[in-house]
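Here's a quick briefing to read alongside the model. Keep the viewer open while you go through the points.

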Amino acid sequence: MEYFFNFEKLAYVTGKKPDGCILCLIRDNSPEVVNLTVHESELFIVSINLYPFNPGHLMIFPQRHTYTCILFLDIHVNLESQTY
Ligand SMILES: [Zn+2]
């Protein structure tokens, strides 16, 4: 990898954003976002951050859209408990 900091971050922060959740757009491989996915499982996606805060900045996010991690974990635990 040749860059550690994307100097176009200010243009991104102040510019027009795609409609919808950016993480879901990455998951759905939308042409509106840059997809830098490095790993994908049934539950999570690991992606390089296009505008990293430091070298090697990765984002780990759930495949399913949720508003909070607590909600994701609670629903997942409930689903898991139903299978046993
Ligand atoms: Zn989402």
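Cys24 is partly exposed, because 14 other C-beta atoms sit within 10 Å of its own. For reference, a residue counts as buried with 20 or more other C-beta atoms within 10 Å of its own, as exposed with 12 or fewer, and as partly exposed in between, with C-beta atoms placed from the backbone. Bear in mind that this is a predicted model: local features need pLDDT of at least 70, side-chain atom pairs count only at pLDDT 80 or more, and totals for chains, interfaces and linings use all residues. Residues are numbered from 1 along each chain as its sequence is written.

- Cys24 belongs to helix α2 (residues 22-27); helices (H or I, at least four residues) and strands (E, at least two) are DSSP runs, numbered from the N terminus.
- Cys24 and Gln63 are 39 residues apart along the chain, with 7.6 Å between their C-alpha atoms.
- Cys21 sits in the loop between α1 (9-14) and α2.
- Cys21 is also partly exposed, as 14 other C-beta atoms lie within 10 Å.
- From Cys21 to His65 the C-alpha distance is 8.2 Å, across 44 residues of sequence.

**Asn29**

- Asn29 is found in the loop between α2 and β1.
- With 9 other C-beta atoms within 10 Å, Asn29 is exposed.
- The phi of Asn29 is positive, near 55°, and this is a residue other than glycine.
- As background, most residues other than glycine have a negative phi.

**The sheet**

- How many strands form the open sheet, and in what order? There are 3, in the order β1-β2-β3, with antiparallel pairing.
- β1 and β3 are the edge strands, each pairing on one side only.
- On average, neighbouring strands here are turned by 20° against each other, direction ignored; the axes are lines fitted to C-alpha atoms, for helices over the stretch in contact, and angles run from 0 to 180 degrees between N-to-C directions.
- Two strands pair if DSSP finds at least two bridges between them.

**Strand by strand**

- β1 pairs with strand β2 (residues 44-48) over 3 bridges, in the antiparallel sense.
- A hairpin through 3 residues links β1 to β2.
- Looking across to β2, Glu40 has Ile45 as its bridge partner, and Thr37 has Ser47.
- β2 and strand β3 (residues 58-62) run antiparallel and are joined by 5 bridges.
- Ser47 faces Met59 in β3, while Ile48 has Leu58 as its bridge partner there.

- The protein chain has a mean pLDDT of 82, and 74% of its residues reach 70 or more; pLDDT is the predictor's confidence in each residue, from 0 to 100.
- Where is confidence lowest, and where is it highest? Helix α3 (residues 69-83) is lowest at a mean of 63, and strand β1 (residues 37-40) is highest at 96.
- Where pLDDT is low, the predicted coordinates should not be read in detail.
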